[in-house]
Amino acid sequence: MPATFSGWCLGCLLLLLCTRVSGESPADSAVTTQDSNQTEVNSVTKMQAGHESSGSAVATEKLKPASKQNSQSVSEHEIVLSGASVEKNVPVPSPTKVDLTCKLDENSNLKDPQVTWKKGSGTINHTSKTPNSWTIQVTVSDSSQLGSYTCILKGEKEVSAVFHLQVPKIEGKEKPVITYEGDRAVMVCRTEYNPKDWAWYMNMTNGTGRVPIDKILPTDKFLIKRQYAEVNRLEILKLTKEDSDVYWCEASFDLGTSEVRFELRVLSITAPLKPFIAVVAEVAILVTTIALFEVYLKRKGKINQKAFLGDASSSRQRSKP
């Protein structure tokens with residue numbers, strides 16, 4: 001018993017010495033171990049959470065929609081056919097997707113037609129259809145996809161819907177631009193779309209063909225102004241007769257160019273007076289002719305009067321005994 005008690009006391013003494021040497025209590029040691037274990041658990045938990053977050057991020061990335069640069073909007077165009085063929089111009093300024101639909105009017109006499117889509121001699125399959133409409137989708141990535149797409153409905157008779165996919169047209173002035181020497185001429189072209197660039201050209205009379213106005217001709221005489229993105233104008237100052245020529249306005253789009261023609265006629269200052277001068281000349285000629293005719297009649301009358309008086313005098317002399 002005393003030996004056991006002494007052994008127990010010796011063990012307690014050794015434990016106390018070890019605790020003081022290490023500088024921490026058993027309770028602290030227990031807490032430290034628990035904190036260490038908890039840290040390991042937290043680390044593992046964070047790693048698992050990190051893997052889950054990464055997986056969630058990947059899943060979210062997969063669900064993200066395509067950016068606007070990769071996605072293309074779809075424009076829709078439709079032609080309703082009743083009894084006659086119809087054509088429609090479809091402006092395409094940039095790469096896009098186009099849905100073309102030919103639809104049979106409900107009141108049409110054409111029943112259960114055979115429908116064929118074509119571009120040139122090639123046949124195109126329907127993208128979708130209903131009992132009375134047929135649709136194809138055209139992906140326009142470059143100018144080779146532009147052109148005429150025809151929907152042919154064949155039954156008792158044949159009718160067709162033709163879609164002309166083309167670069168947008170620009171508007172100008174069909175009639176000649178007429179002005180006078182010393183004045184200025186203004187030519188304006190516009191479009192409903194936003195071109196990438198505008199350019200003006202002039203036909204050279206020396207046979208060299210078109211020349212770009214902004215690169216060759218003097219800028220103090222030829223002024224190019226872009227009022228809006230869709231509107232461009234050319235001003236020509238201090239006009240001379242040599243400026244009479246053909247001018248071209250050109251708009252550049254992603255899929256090609258479009259142009260419009262202007263004809264400029266420069267007249268001399270006296271040109272407006274020419275019709276008046278011609279009328280005055282005609283009046284003067286007419287008045288002169290009338291005056292000469294009156295003079296002629298007066299002279300002729302005097303001659304006739306003298307002849308009459310002479311004949312009367314001769315008759316009196318003969319009648320005397």
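A: A disulfide is counted here when two cysteine sulfur atoms lie within 2.5 Å. In general, a disulfide is a covalent bond between the sulfur atoms of two cysteines. In this case, Cys 102 and Cys 151 form one, with sulfur atoms 1.9 Å apart. Because Cys 102 sits in strand E3 (residues 96–104) and Cys 151 in strand E8, the bond ties together parts 49 residues apart in sequence. Strands are DSSP runs of at least two E residues, numbered from the N terminus.

This is a predicted model, where local features need pLDDT of at least 70 and side-chain atom pairs count only at pLDDT 80 or more, while totals for chains, interfaces and linings use all residues. Residues are numbered from 1 along each chain as its sequence is written, and side-chain values use heavy atoms, without hydrogens and water.

Q: Is Cys 102 buried or exposed, and what about Cys 151?

A: Buried means under 20% relative accessible area, exposed means over 50%, and partly exposed is in between (1.4 Å probe, protein chains only). Cys 102 is buried at 0%, and Cys 151 is buried at 0% as well.

Q: How many disulfides does the whole structure have?

A: The search finds 2. Cys 189 and Cys 249 also form a disulfide, with their sulfur atoms 1.9 Å apart. This pair links distant parts of the chain, from strand E11 (residues 185–190) to strand E16 (residues 245–253), 60 residues apart. Both Cys 189 and Cys 249 are buried.

Q: What pattern do the disulfides follow?

A: Counting bonded cysteines along the chain, the pattern is 1-2, 3-4.

Terms used. Helix = DSSP H or I, 4+ residues; strand = E, 2+ residues; numbered from the N terminus.
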